[in-house]
Each structure stands twice: as structure tokens, then as C-alpha cells.
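Subject: Structure for your review

Dear colleague,

I am handing over the structure below, and I would be glad if you could look through it when you have the time. My notes on what was found follow directly after it.

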Number of protein chains: 4
Amino acid sequence: MDGDHDGHALAQVSAQAMWANDNASRGLGMTLVSVAPGEAVLSMVVRKDMVNGHGICHGGFMFTLADSAFAFACNSHGEPAVAQQCAVTFIRPVREGETLTAHALERSRVGRGGIYDVTVRAADGDAVAEFRGHSRTIGGRSPSTKSS
Amino acid sequence: MDGDHDGHALAQVSAQAMWANDNASRGLGMTLVSVAPGEAVLSMVVRKDMVNGHGICHGGFMFTLADSAFAFACNSHGEPAVAQQCAVTFIRPVREGETLTAHALERSRVGRGGIYDVTVRAADGDAVAEFRGHSRTIGGRSPSTKSS
Amino acid sequence: MDGDHDGHALAQVSAQAMWANDNASRGLGMTLVSVAPGEAVLSMVVRKDMVNGHGICHGGFMFTLADSAFAFACNSHGEPAVAQQCAVTFIRPVREGETLTAHALERSRVGRGGIYDVTVRAADGDAVAEFRGHSRTIGGRSPSTKSS
Amino acid sequence: MDGDHDGHALAQVSAQAMWANDNASRGLGMTLVSVAPGEAVLSMVVRKDMVNGHGICHGGFMFTLADSAFAFACNSHGEPAVAQQCAVTFIRPVREGETLTAHALERSRVGRGGIYDVTVRAADGDAVAEFRGHSRTIGGRSPSTKSS
């Protein structure tokens, strides 16, 4: 890679290859808003089938949105990486119909390990969850970049 | 509550009321295997729409299963409680079609705060994820127990 | 408080009152470099009595430096706050004699809860640990500000 | 290793070699109470120089005690292991003069990764902190066992 332009192109290619196979994120109605080296933004509308026994969005779906943003960010460098450990703090409840946006940003990348912070926001801009994920590259190149 | 019998009965009543409204857990095909004071077991089969861009179960669904088991365990005492902060470690990948079982156990309950550990196992008994959740009671009694 | 100036003055006053009583941080040779609303910087030299059985700085002392920075940041608003839950990732080993600097920044403050991120860096600028702390205000005002 | 007896002997040998070099744990006045495969118990009295600006034991020292117990437990198998990521929840404040005991137990050990839970208790048996640590073996054998 020679610079920013190539880094961005690689992030796009990696993301598109992942997205095409990501039944989970697409099945939940997520939108891949943007991706860049070490960064990704995804959004999702809270559906009726995401509401729990307290009448609010099940935390698992807020986590899943953040985890997907994390996955796109940590795979943006063209080396396959998987989640090892993740933590999430729930800040305020979310209702059916709200649109959530998760913005993942790389905090650290040393050796095979990476740390990514993801903030999940409601449409009014309020942070509703804060997530931190730890990734580890698993060797090899992304399928999408093997021929490049 | 006078003792174990009442504690178990309360846990059952709380769980059934929550389960009836829990679109999220039911929509993912979860089964509520058992519940007891401070404890819950839920299972789920990994469906095709839970697989991510690496061809394995999206970590978000493993988290969501653990989070549901946590929710049933921390709400088993008849006081509504919500998740504040949760962490998960992914130990090995999980494939489509595998049956996962999450067993939540109370580690600590002091004042309004609780700590619950959840182990998610595959059918062969391997632990595939370890989860720790922090709950906080939110005041009032569970809807299901208000009249009792 | 009317604005930035008052916020900064309050942060200074709170920090000085805490520091005067903080045997722990002073006993470890920490220096309070700076404090501002939602922010604090502390430094510490790794002493011989901070080295563990692997010949490197015991992670506990890296945590303690980060935890002190977190404490000064979350107490910078004039309301006493305590740590509830903290997580730390160790990125690279640190040797005796290295100077570590911890920079705490507020990520979220809603109701009584706060989230603070602390990066611990070595003298060469490398991040050696990443810390995230959750605080909770405990009611009342800081002793130092009661008369103001 | 042929069985439990050898596992215990190895844990003892590893622990004694680590302890001899562990300036940090000894300097804080810790006592190595017991060690076994995947398990360790350490205790410590809260000294005057461990008290923070709120007049209670600095969380960093509670973490450090737990972290030491974690280190002895994750190094008990004769393969050097280091801490990667740790989280701690503070349950109740601790005063100067209290004796704390940390009991570390292995929850998971797969490949190079391990998960250890440590409960820190006060003399009255109350849990005052819950800790979870993630370790990773770093290759080679413990110095103490190289000749065996």
C-alpha cells in the first residue's frame, strides 16, 4: 500500500466482500454507511422482533450492531481479524422504531492485536451504548484481496 | 418469601411473564430451559441468518443468547433489573446448525447491583464463550408479581 | 458554574483536595501533571519495587496509575465519584526506570454514571496500556467545595 | 506430568520461582497462601500508604492483589503466561487495616488463552471485588522448570 488512497480502496474492497457474505448483519436490516482504514459506520432500525421482556430493545441487538461495526473496522486493513473479547455499557434504553448508528474507531493496533471503540447513537445524537472490542488477526489475507 | 420453594416459584412466575413479552429471544428461536433463583439456562440453534462474513456464527448472537440468560437470572428475584455493562470472550468459532446452551449463574448481589457469569457451550460440551454481566435493579416489583 | 473558567477552577480545587489526602498515589511517586473538567494527566516512574516475577512492571501498578488518572478526571466536576468497574488491556511490557504517563478523558457522563478512557504511554509515546473506567457519583459535594 | 501429584508439585515450583523475583507483590506485603494447578490464594493487609483521597483503599491495590493471584494461577502449569486484559468490579469500600484475601480460579484454558476469576474478600467473608483476567502463554517453559 502506498498511501491513503490505497488504504481506502482496500478498506472498501474488504468491506464489500465481507458484507456480501454477512447474512447476520444484512438479516438484521443493517446498512453499511461507510468504511475507511480502522473505521466503520453502520446503522439499523430497531424492529419489533428486537424488543425484550421489558418492552425495550434487547441489549443483544445493540451489541450486535456495535460488533458488526467493530468487525468492519478491524478487517479494513486487508488482514482477516476476529473478535476475541468485547465489552459494552448500556447508557439509556432504546425503543422500537429508533434508528441506531454505530461508529467504530481504531484505538490501538500492535502486532496481531487491535482495540476498537464503538459508540452507538440514537437519531437525536445521544450515545445509547459504548462498546470496546479486542481483535486478533488470524493469518493470511482477506479472500477479497488474495488476488491483488 | 419464606424459603427455597417460594424463591423457585417466584423465579418461574417472573420468567414466564418476561418470556411472554420477549419478542427478541423468541424471535431468535431460543428455548427457556430452566430458571431458578439467580440462575437461568437458555438454548438456541445457530441459524443461517446468524452467520457472518467469515462464515461463522456472528458473535452478536452468541452475546445475545448469553445476555438473555443473564436477564432471566437477574430478574429471577422478583425485582426488575436491567443490564448495565457486559463483557464477553469468544473462545472458539461456532458453525450454522450447532445448538448452543447458555447457563447463567449469580456471582454477587449487593444492594442494587448484581454480577452474573454465563458460560455458552456447544453440544459437545465445549465452552465457546464466557460472559460476565452487571445488572442494576430499577425499583418497583416485576409486573408479574405486583398483585402478589 | 458559568463557564469554562469556573469549570477549570473547580477541577483544580477538587484535585488539590483529593491529592492532599491521596497517600496511595503520592506513595507510588505519582505526579499530578494537569487536570481539567473531565480530564487528568498523571505520571509515574516504574520503581524497582514495582517489578514482578517476570522482570517487568507488575500490571497492577500500570492499572493503579490509570485508575488514579481516572479518579481525578471523574472527580473534576465537584461531585464525589467512585470507581465501579474498570478494565485494562496490557499492550507491551514496561521495564524498571521507564516513565509512564496516563491521560484520562471523559467519554460519557449521564445521570450518576460516567465512562472514562485512559491511555498509559511510555516516554517514547507508545501506548502500553488502555483502560476504561466506569464511575458513579455518591451524592453530596466534594469536601473541598462544600464551603464555596 | 502423570497426574495430580505432579501437577501440584509443578505449581509449587513455578510459584516459588516467581515469588522469589516478585518485588512488587512482596513489597506490598502480600502473603502467598496457597497455589495449585489453575488456582492461587494471596492475602494482603491494607496499609496506610494504600489509602486514597476518599479515605478508602485505592482500587489499584485491590486490583494488584487480584492480579497477583491471577498471575500465580495462570503460571501454575509450568508455561510462562502474561496478563492481556483484566476487568474488576468494586463491590464495597475497604478501610486501612483490613486483611484482604484473593482467590483465583481457572475458568477456561484453550490453546494459548486462559480466563481466570478472582474474588477478593474482606476478613468477614464479604466479597469486596470481583476480577476476571485473560492470560496468554508466551512460549518456552518457566525458568524454574527448564531443567526438569
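Predicted model: local features only at pLDDT ≥ 70, side-chain atom pairs only at ≥ 80, totals over all residues.

As for the geometry, helix 3 of chain A, which covers residues 59-74, and helix 3 of chain B pack at an angle of about 155 degrees, and their axes are 8 Å apart. Because angles over 145 degrees count as roughly antiparallel, helix 3 of chain A is roughly antiparallel to helix 3 of chain B.

Chains C and D have a helix contact that can be described in the following terms. Helix 3 of chain C and helix 3 of chain D, each covering residues 59-74, pack at an angle of about 155 degrees with their axes 8 Å apart, which makes the two helices roughly antiparallel. The crossing of helix 3 of chain C and helix 3 of chain D is right-handed, and the residues in contact include C:F61 and C:F63 of chain C together with D:F61 and D:F63 of chain D. By class, this contact of chain C with chain D divides into four nonpolar, eight polar and two charged residues.

Returning to chains A and B, how are the two copies related? A rotation of 180 degrees, with 0.0 Å of shift along its axis, superposes chain B on chain A with an RMSD of 0.0 Å, and the two copies are thus related as by a two-fold rotation axis. The residue of chain B that comes closest to this axis is B:A87, whose C-alpha lies at 2.0 Å from it.

The interface itself brings 34 residues of chain B into contact with 35 residues of chain A. Helix 1 (4-21), helix 2 (23-27), helix 3 (59-74) and strand 3 (81-90) of chain B each supply at least two residues of the side that touches chain A, and strand 3 gives the most, with nine residues. That side of chain B divides into 14 nonpolar, 16 polar and four charged residues. Since 100% of the interface residues of chain B are also interface residues in chain A, the copies meet through the same surface.

Strand 3 also links the two chains by pairing: five bridges join strand 3 of chain A to strand 3 of chain B, and the two strands run antiparallel. Within this pairing, A:V88 has B:C86 as its bridge partner.

Inside chain B, strand 2 (residues 39-45) and strand 4 (residues 99-110) pair in the antiparallel sense over seven bridges, while nine bridges join strand 4 to strand 5 (residues 113-121), again antiparallel. B:A104 of strand 4 stands opposite B:A40 in the one pairing and opposite B:V118 in the other. Strands 4 and 5 of chain B form a hairpin with two residues between them, and B:G111 in the turn has a positive phi of about 60 degrees.

With best regards

Notes: Residues numbered from 1 in each chain as written. Chains lettered and ligands numbered in written order. Least-squares fit on C-alpha atoms with pLDDT ≥ 70 in both. Contact = placed C-beta atoms within 7 Å. Helix = DSSP H or I, 4+ residues; strand = E, 2+ residues; numbered from the N terminus. Nonpolar A, V, L, I, M, F, W, Y, C, P; charged D, E, K, R; others polar. Pairing = 2+ DSSP bridges. Axes fitted to C-alpha atoms, helices over the stretch in contact; angles between N-to-C directions. Parallel < 35°, antiparallel > 145°, perpendicular 65-115°, else oblique. Left-handed = near helix turned anticlockwise from the far one by under 90°.
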